[in-house]
Amino acid sequence: MLAPSSLPSPLPSTAAPSFDVRPVVSSRTVATPLVSFQGVQKTYDGVHLVVRQLDLDIQRGEFLTLLGPSGSGKTTTLMMLAGFESPTSGEILLDGKPITRTPPHKRQFGMVFQNYALFPHLTVGQNVAYPLTVRKVTKDEQARRVAKALAMVRLTGMGERLPSQLSGGQQQRVALARALVFEPQLVLMDEPLGALDKQLREHMQIELKELHRQLGVTFVFVTHDQGEALTMSDRVAVFNDGVIQQLAAVDDMYERPSNRFVAGFIGDSTVVTGTLESGDAMRLPDGRLLAGVNVNGAKIGSAVEACVRPERILVRPGGSGGNTLQARVDGVIYHGDHLRLLCTLGDGRTGASVKLPLADGVPPQAGQTVTLEFPPALTRIYSL
Ligand code: ADP
Ligand code: MG
């Protein structure tokens, strides 16, 4: 059965008790993550660590995305979890027990990859049934579960077709049905939407998220696309150069990046360079001071960059209030629900992108000079 009730229980309820006493719960239900990477390292050539030091807990029922540029170690991490690669050092635990030396088929995870690799000579139904055939499930039970899995990915009635008779998006859904049909507690996906065109990819992102919500199983998803990661995930782990730079819930990741790499990799920012002047202000090359949050312990006198999101910059009618910089509007782009101002700051070279809500009155025009306010609490200063 693929009904939610028959699957491993999702995360424990987070509803807070109305009194100030924590309920007594066994350490197993709360404390033991589904998966735990402990001090995992990986080198392929014995010299260069492509995963440098991985300590990562994956909670039951969550949608976790490993996000990062090409070559940052995402696939290697997923392959170690799947069992197709072994760590050079460290342990991987499932439910608190080491699986580092357990072969892939005994881990019983569902898997979907970019090149979905359906068996071309088998029908859609036979492809989906394959994991059940391997597990010696009876024919009747197979038929029932395949029908259910195909319904789940909205391919009812397609069971007799060959993969070549389906579109790319439909083939990817078959691969998903095949990964889910044996009710794995953990589903691993490596850039599964990478081969699809933009519209279909965005549609599948919403479907995957909804499927995750319905099933309550744990999804670990790999992508290099930050928009995709933010759309679908509960938490995101940002990888760079074999190291997790930040692990956080999506809103936290966007609002409070913990270093310059994450701030630049996720979302747009206006970036202003300067030197740290005091605990919470930087000196710009033209001598002005800009206040902000010193995020990661930059030292006074060191080179820093401040990043501000486009929707956080305020356009002031005139004058120069606190924490403001003058800018020239180079272009105004109409987006229907907002305007985007493309500006150049007073130094003549730093670009600033401002997301402006539609409002009554005349919006700024190209060629005009405006005053941009950078709210100090949302101006994040990073060491380089
Ligand atoms: P990502 O999925 O983030 O793009 P990978 O985990 O595939 O990154 O790769 C990380 C690094 O390991 C890259 O430098 C890549 O070239 C190298 N690498 C990946 N797989 C192998 C392999 N089988 N043999 C040798 N090097 C590999
Ligand atoms: Mg990869």
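## Strands and a ligand shell: worked exercises

In β12, Ala 281 is the bridge partner of Ser 278. We're working with a predicted model, where local features need pLDDT of at least 70, side-chain atom pairs count only at pLDDT 80 or more, and totals for chains, interfaces and linings use all residues. Residues are numbered from 1 along each chain as its sequence is written, and side-chain values use heavy atoms, with hydrogens and water left out.

**Exercise 1.** Work out which strands β11 pairs with, and in what sense.

*Solution.* Strands here are DSSP runs (E, at least two residues) and helices are too (H or I, at least four), numbered from the N terminus. Two strands pair if DSSP finds at least two bridges between them.
- Start with β12 (residues 281–283): three bridges join β11 to β12, and they run antiparallel.
- The link between β11 and β12 is a hairpin through two residues.
- Now take β15 (residues 303–308): six bridges hold β11 (residues 270–278) to β15, again antiparallel.
- To find your place there, look for Gly 274 opposite Val 304.

**Exercise 2.** Find the polar contacts to ligand 1 from Tyr 44, Ser 72 and Lys 74.

*Solution.* For protein and ligand, a polar contact is a pair of N or O atoms within 3.5 Å.
- Lys 74 puts a polar side-chain atom 2.8 Å from a ligand oxygen.
- Ser 72 uses a backbone N or O atom, 3.1 Å from an oxygen of ligand 1.
- Tyr 44 has a side-chain N or O atom 3.4 Å from a ligand nitrogen.

Note on methods
Chains are lettered from A and ligands numbered from 1 in the order in which they are written. A polar contact is a pair of N or O atoms within 3.5 Å; within protein, one must be able to donate a hydrogen and the other to accept it, and residues adjacent in sequence count only if both atoms are side-chain atoms.
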